[in-house]
Structures are given as structure tokens and as C-alpha cells.
Amino acid sequence: MTDVSGELVFRRGKKVGKAVYQNRALSKEGLSERLFALLFSGLVYPQIWEDPDVDMEAMQLGEGHKVVTIASGGCNILAYLTRSPARIDAVDLNGAHIALNRMKLAAVRHLPTQSDLFRFFGEADVKHNSHAYDRFIAPHLDASSRAYWERRSWRGKRRIATFDGNFYKTGLLGLFIAAGHRVAKLYGVDPAAIMATGSQQEQRRFFDEKIAPVFERRMLRFITARKSSLFGLGIPPAQYDSLLTSGDGSMAGVLKARLEKLACDFPLENNYFAWQAFARRYPKPGEAALPAYLEQDNYATIRANIDRVAVHHANFTELLAGKDAGSVDRYILLDAQDWMSDDQLNALWTEITRTAASGARVIFRTAAEPSLLPGRLSPALLDQWSYEELASRDYTARDRSAIYGGFHLYVKKSR
């Protein structure tokens, strides 16, 4: 299903609300869900926080594959193009993410060089990025995406001007990370100082001595005990409850464990997620690993394959309902199922199972550690899929973004 109406991009919260609302509007839980839907209707993820390297390995992604994925910040889609799949259908309920993905595709197509692409999406404080947008990108954008990026704030500045500063400090996620830095500094800790460490052993020492004690502070434990405190991570109320099942029973404990993995389990030179969390920027070329779409070596392949992507303002189930049986090879659900009721989950997997080719692979992440499908998905559907448990544990451990409890891989059984 294509996005046939540009107005859909600006109907704030309606599509998100349909996915999130599970309680009556005037109940405490219902009010929380509606606040989340309102916040989530704007830009949430300037960068995706799922590791596409792990995705591509788990999917065994290759030439000829037809892929359906949630779009989010779009870094994943461009990374998948390095494997030259036949087609990628990217869906999202969030109009801001739709505009971001379409702008990224146009930038890859039309910015003159790889250096221009890196300046636009990889560097901070490049004052002429908005001029590059006007000259090279805007003429090739659809009307609704242009309207999004060129809309002016109460200060008179266009949205696209965020790329003249540091785009990754914007969106709910960027604001959440900034708030985390401010809280740490209240207690005399500068999270960015971890970037001066020279080894994983030093990273561990910095975390244990500087960052970990902050999570024992009474104020932080009080704040994180409120579901709304994690809306900046894109975590709806239902997912908050799932998160509490992994850890010591407190949200502060869960967040501490996830940040510990981010800070300690991977060398900083290999983990651009840690750079964004602690340094608030991407590394410079040659300084450390970059997202795949910003690496020079991948540029020619991604640009050659860019027309294989279609972006849709729709939900996953709607899109699959319009596809032929057995026509899809790979599915990437991110953590969307954590939001779903049992009815929504079964409707989704009915379409996944119908459209899946033999040997198709589905990957997704969960806030808690276990897969959420057993006990919730109809046995008639679940029995058609093999859960790769050992591989899933390995991929969970190697996901550099570190914010999820579980990575899960299901493979369609041969008939």
C-alpha cells in the first residue's frame, strides 16, 4: 500500500494512536497512552537504535531478497542496500520518520559526492547543509516531505535548519539523551569523558566508578519509576511494563544494565551507538566505525541500489495485506510487537505467514529478554515457524545498540 495522501504525514497521532491505544481514554493508562501517541507523532528517532550489522547477519540478507521493514530513522534501510536485495518496502506510522526516510533517499540520489552525504548526515555544525538541501534535495522530494522539512518554527527557522547544527540532538531520543547528560552532570559526572578511555578495561572502570552510582540516586529512581519518563526513548506504556520484567524490578536498574552493556561490552572504536550516546556525535572518518551508509566503501553500492526502496505511510499488516502469497523473503519488525495486543499480533503474523516465501526469516527485538510469541500467537501460526534460540541469544549479545533485552530470529518451515 502506498502513501497516496500527503495529508497523512500531518494527521498527528492518529495512526500511532491506533497502534498504541489499549485502554479507555479517561483511564489513567489511557491518558498515558494518548500522551505517548501525541509525542510520538513528531520526530522520535533521528538515528535508528537497532544494529543493522546484526540484522543483516541474522537475515542472511543477499541479492534477490524482497524485504519488508519498519523504517524508523532509515539508517537500517540504507545499510541493507549494501547487500543488494531486490526490493525493500519500508513502512512507518510516524509521518516525521516518513519525511526523514524520503529525504535520506533523495540525498543519496542527488547530493554530488559521498563527502557531501557525510557532511549532511555525519557531521555537526555544518552551516551550509540547509543550502545543500535547497539546491540538491528539495527539488526531488514529494510535496508532503518538503512541507515537513520547510515548515517554520515560532522563531521563523525552517526544520531543515537542524542539519546546520547537530540533527542527532533533536527528536525525542536526542532530547532524552540530553536530559540524561544533564542529570549526570548534576551529580558531577560528564558522560562524554568516557571517550577519553583507551581500552575496554578503562571503559569498565569509568562506568563502575562514575556512571553506575548515579543510578542509585533517589531522584533518578523516582523519575524513572514514572512511565512517561521513558517516552523519550520511544517506549510506550505497555513496553515499560515489559521492561520491568528484566532486571531488579526497578526501571533504574534496567536502564543501568542496558547502559552498562553500551559502555562496556564493545570497544568504542567499533560502536557508533556509544559515540552518539556519550559524545553526542558520530566519529570522523578514520576515527572509529560509522553507520554503514556513511562509510566511503559502501557509497557506490548504496547509490546504485537506492531505487530499490519504497517508503510507505502505513502499518506492517496493511502493507502485507496487499502483497501476494509467498512473495516476501525477509521481515524486520524492530520492537513494534511490544506495543501490540494479542489480536494485533495474530493479525500481523497471519499476513506474515501468508506472504512468507519458503525459508523466509523474521527478526525482531523485545524490551524484555524472552520472545513474546509463545502463549500469545495462535499455535496454528507459530507451528509454521522455527525459533532459532541459540542464534538469537548470540545476536542479542552482539547488538551494539545495547538497549534491548532480546533479539529474536524465526525461520519459515519448509512445507
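Partly exposed residues are those between buried, under 20% relative accessible area, and exposed, over 50% (1.4 Å probe, protein chains only). This is a predicted model: local features need pLDDT of at least 70, side-chain atom pairs count only at pLDDT 80 or more, and totals for chains, interfaces and linings use all residues. Residues are numbered from 1 along each chain as its sequence is written, and side-chain values use heavy atoms, with hydrogens and water left out.

View 1. A salt bridge is a side-chain nitrogen of Lys or Arg within 4 Å of a carboxyl oxygen of Asp or Glu. Helices (H or I, at least four residues) and strands (E, at least two) are DSSP runs, numbered from the N terminus. Arg398 is partly exposed at 30% relative accessible area. Asp394 is partly exposed too, at 36%.

**View 2. Asp134 pairs with Arg158 in a salt bridge.** Their closest N and O atoms lie 2.9 Å apart. Asp134 belongs to helix α7 (residues 129–137) and Arg158 to the loop between α8 (143–150) and α9 (171–186), so the pair ties together parts 24 residues apart in sequence. Arg158 is buried, at 19% relative accessible area. Asp134 is partly exposed, at 34%.

**View 3. Lys256 meets Glu216 in a salt bridge.** The N to O distance is 3.5 Å. Lys256 is in helix α13 (residues 251–264), and Glu216 is in the loop between α10 (200–211) and α11; they are 40 residues apart. Lys256 is partly exposed at 23% relative accessible area. Glu216 is partly exposed at 49%.

**View 4. Seven strands form an open, mixed sheet.** Two strands pair if DSSP finds at least two bridges between them. The order is β3-β2-β1-β4-β5-β7-β6. At the edges are β3 (309–312) and β6 (385–387), each pairing on one side only. Strands β5 (residues 356–366) and β7 (residues 406–412) pair in the antiparallel sense over six bridges. Phe364 has His408 in β7 as its bridge partner.

**View 5. Two cysteines, Cys75 and Cys264, are buried.** Cys75 has a relative accessible area of 4%. For Cys264 the value is 6%. With a disulfide taken as a pair of cysteine sulfur atoms within 2.5 Å, the whole structure has zero disulfides.
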